[in-house]
Amino acid sequence: MPNRKPIFFSFYKLCFIFFTNVALGTTKSTIEPCSNSDSCNALLGYTLYTDLKVAEVASLFQVDPISILTANAIDISYPDVENHILPSQLFLKIPILCSCVDGIRKSVSTHYKTRPQDTLSSIADSIYAGLVSADQIREANSIADPSVLDVGENLVVPLPCTCFNGTDNGLPAIYLSYVVKPVDTLAGIAASYSTTITDLMNVNAMGSASITAGDILAVPLSACASDFPKYASDHGLIVPNGSYAITASHCVQCSCGPGSSNLYCMPASLAVSCSSMQCKSSNLMLGNVTVQQSSAGCNVTSCAYGGYVNGTIITWYATSFTYIY
């Protein structure tokens, strides 16, 4: 199946605290304090514990399978892509909504139904790949005796996330919660995600570059941010470099090229029954760009996406002129 690997890239560093989980050692996770009810888009770094279909991964986190594919730059036009089997140990980015709960940023929209042989430790360490601890699941569900789990019990699975105002060093960013592996170094993680050791240390309020397997780091990924109005259902859309997102009821695809800061939106391949995508007073459709050259320079016109409002795809006609010197 086609797999276009994305290329990855702090503001308001308030006060950071760390919680500790005791297992084979002490691990840490960055927590972002918050005081309002807003939310943001965030990502989880998830390693598959076994072979799973795309739809099964989506069910684990209660997210749209299409959003997993787009976050990982996988072609959604692949036949029956939601039933494609992903191999064990594959690393994926899982898009989630990061909320403010009890004064800290976290996601509480994920639920897990227990199966025979499940333990809190196996759910936390294996099924959710260390993104949560057994103690956190126990506390979130007020479990008095963690050694007794009823089959079919519906558990809240609190997951780590951060927003940091959707920026990193003043530029648009989306944050990935990354579980440190035994072979990882901070320098290696920084290189993998096109950032620096200094930036990672600042974001995570680290006193040194030392990390431990199981630590959960907030990793900023450079992104393209939308400026859709607040009344648009996709207000706040942000797309990491090298990936894309599907919005407007699967009608519009917005992509963020490597190293870019501008969203480019066009009709999605999934589009079936959608409102008009033509710019008013022009023959341009969403995503169309025309260039007219003259002796003085180039006149560029385009039909851009302005958000999804009450079932209507908003478009706007843009013009610019570049002078030739």
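Tutor: One term first: a residue is buried if its relative accessible area is under 20%, exposed if it is over 50%, and partly exposed in between, using a 1.4 Å probe and protein chains only. Keep in mind that this is a predicted model, where local features need pLDDT of at least 70, side-chain atom pairs count only at pLDDT 80 or more, and totals for chains, interfaces and linings use all residues. Residues are numbered from 1 along each chain as its sequence is written, and side-chain values use heavy atoms, with hydrogens and water left out.

Let's look closely at the aromatic rings. Rings of Phe, Tyr and Trp (its six-membered ring) pair when their centres lie within 6.5 Å; planes under 30 degrees apart are stacked, over 60 edge-to-face, and the rest tilted. Searching the whole structure turns up seven aromatic pairs. One of them joins Tyr-46 and Phe-61, an edge-to-face pair with 5.0 Å between centres and 80° between planes. Tyr-46 sits in strand β3 (residues 40-47) and Phe-61 in helix α1 (residues 54-61), so this pair ties together parts 15 residues apart in sequence. Those element names are DSSP runs numbered from the N terminus: helices are H or I with at least four residues, strands are E with at least two. Tyr-46 and Phe-61 are both buried.

Now move on to Tyr-112 and Tyr-128, which also pair edge-to-face, at 6.0 Å centre to centre and 85° between the planes. Distant parts of the chain are linked here: Tyr-112 belongs to strand β8 (residues 111-113), while Tyr-128 is in the loop between α3 (120-127) and α4 (134-140), 16 residues apart. Tyr-112 has 5% relative accessibility, so it counts as buried. Tyr-128 is buried too, with a relative accessible area of 0%. Put together, ring pairs link Tyr-46, Phe-61, Tyr-112 and Tyr-128 into a cluster.

The protein has six helices and 20 strands. Its radius of gyration is 21 Å, close to the 20 Å from the globule rule for 325 residues, so it is as compact as a globular protein of that length. That radius is taken over C-alpha atoms, and the rule is 2.2 Å times the number of residues to the power 0.38. The C-alpha trace spans about 75 × 45 × 40 Å along the principal axes, and 46% of the 325 residues are buried.

A disulfide is a pair of cysteine sulfur atoms within 2.5 Å, and the structure holds seven. Among them is Cys-224 with Cys-256, sulfur atoms 2.1 Å apart. Its S-S torsion is about 70°, so this disulfide is right-handed. Cys-224 lies in strand β13 (residues 216-225) and Cys-256 in strand β16 (residues 252-256), so the link ties together parts 32 residues apart in sequence. Cys-224 and Cys-256 are buried.

At 110° about the S-S bond, the link of Cys-254 and Cys-265 is right-handed. Cys-254 is in strand β16 and Cys-265 in strand β17, so parts eleven residues apart in sequence are tied together. Both Cys-254 and Cys-265 are buried.
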